[in-house]
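Reader: I would like to learn how to read a helix in a model, and what to look for around it. Could we go through it step by step?

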Amino acid sequence: MGQAICWMDDELLPLHAARVPVLDHGLLYGDGVFEGIRFYGGEPLLLAEHLRRLRDSARAIALDLLWNSDELERIVRDTVAASGLDDGYLRLLVTRGDGALGIDPRSCVRPRLIVIADRLQLLDPAVRHQGARLIIAATRRLPADGLDPRIKSLNYLNHILARIEANRAGADEAVLLNAQGRVTEGSADNLFIVRDGQVWTPPVSDGALAGITRGLLFELAGEAGIGIAERSLTAFDLYSADECFLSGTAAELIPVRSIDDRAMASCPGPVFERLDAAFHARVEQLRAQGRSRSAH
Ligand SMILES: Cc1ncc(COP(=O)(O)O)c(C=O)c1O
């Protein structure tokens with residue numbers, strides 16, 4: 001039940017009928033920002049956190065968000081309701097809008113907001129159960145003085161190049177290092193390792209996106225009494241870890257089976273299993289909230 005739908009320019013349309021003009025600078029130059037948000041039982045997970053990050057990204061690229069947080073929340077909830085979907089994925093995009101062919105953003109008169117609600121193409125269940133095979137990509141993450149990793153921009157080309165490397169190697173995901181050879185993250189997910197029961201993840205200052213799921217894991221680990229902290233990591237730390245896993249809105253939590261063909265000591269490991277259970281318990285709470293909201 002339900003259908004993929006798109007809110008754009010004050011209109012709700014079936015997804016495949018929605019069209020962006022060719023002069024939109026989001027298309028011409030990747031000039032814009034975005035968020036990916038899951039909803040469970042019709043209820044968006046951590047919506048306020050996602051809207052905050054969207055606003056921060058927009059401010060960082062000097063893009064005026066014409067919609068305040070209440071308006072964005074209303075549009076998001078209307079789009080989810082109109083889709084009729086119970087569980088799904090939302091994509092919010094704000095582009096610089098339509099302008100001239102040249103790069104100068106001053107030709108763009110009004111930002112364009114696009115909200116898509118769709119079913120999620122679920123990850124191959126075999127990968128979720130047996131774990132993902134990773135490679136460390138030759139493609140490096142852009143340095144922060146080129147593009148701050150906290151900006152969730154519409155320009156993912158170096159992540160795509162890293163993913164192409166993974167595809168060619170027959171792996172499931174690529175890890176990007178920064179220019180100094182420190183681990184940053186996967187092409188669309190944050191990375192964690194476990195050593196002696198302690199969880200480590202690269203700091204945002206090494207080039208990781210401040211993932212919303214990553215933030216939730218800090219909270220869930222804290223509640224479960226699992227040590228978790230940021231630490232700069234190298235390829236050696238990944239190869240020699242007890243466990244490794246990925247987190248992201250689309251991916252949720254995925255255990256890692258191998259990195260550059262070195263098998264992890266355990267997959268899925270015991271710390272991963274505890275965090276995964278805590279994550280799914282949080283999702284069930286949200287679904288119950290969604291059910292009670294729609295019953296009233
Ligand atoms: C580059 C990158 N890193 C990490 C993540 C995970 O972030 P979140 O948990 O907010 O989805 C994403 C998700 O879009 C991403 O694109």
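Author: Just after α6, in this predicted model, Gly225 takes a positive phi of about 70 degrees.

Reader: How many residues does α6 have, and what does it reach from its first C-alpha to its last?

Author: α6 has 13 residues and reaches 18 Å from its first C-alpha to its last, which is close to the 18 Å expected at 1.5 Å a residue.

Reader: Which residues of α6 are buried?

Author: An α-helix has 3.6 residues a turn, so residues three or four places apart point the same way. In α6, the buried residues are Ile212, Thr213, Arg214, Leu217, Leu220 and Ala221, and they pack against several elements, including β10, β13 and α8.

Reader: How do α6 and α8 pack?

Author: Two packed helices are described by the angle between their axes and the distance between the axes. For α6 and α8 the angle is about 110 degrees and the axes are 10 Å apart; angles of 65 to 115 degrees count as roughly perpendicular, and α6 and α8 are therefore roughly perpendicular to each other. Leu217, Leu220, Ala221 and Ala224 of α6 meet Arg274, Leu275, Ala278, Phe279 and Arg282 of α8, a contact that by class has seven nonpolar, no polar and two charged residues.

Reader: Which element gives the most to the shell around the ligand?

Author: That element is α6, with three residues. The ligand is surrounded by 14 residues, and the closest are Gly211, Ile212, Thr213, Gly248 and Thr249. By class, this shell has three nonpolar, eight polar and three charged residues.

Key
Residues numbered from 1 in each chain as written. Predicted model: local features only at pLDDT ≥ 70, side-chain atom pairs only at ≥ 80, totals over all residues. Near = placed C-beta within 6 Å. Helix = DSSP H or I, 4+ residues; strand = E, 2+ residues; numbered from the N terminus. Nonpolar A, V, L, I, M, F, W, Y, C, P; charged D, E, K, R; others polar. Expected span 1.5 Å × (residues − 1). Buried ≥ 20, exposed ≤ 12 C-beta atoms within 10 Å, placed from the backbone. Contact = placed C-beta atoms within 7 Å. Axes fitted to C-alpha atoms, helices over the stretch in contact; angles between N-to-C directions. Parallel < 35°, antiparallel > 145°, perpendicular 65-115°, else oblique.
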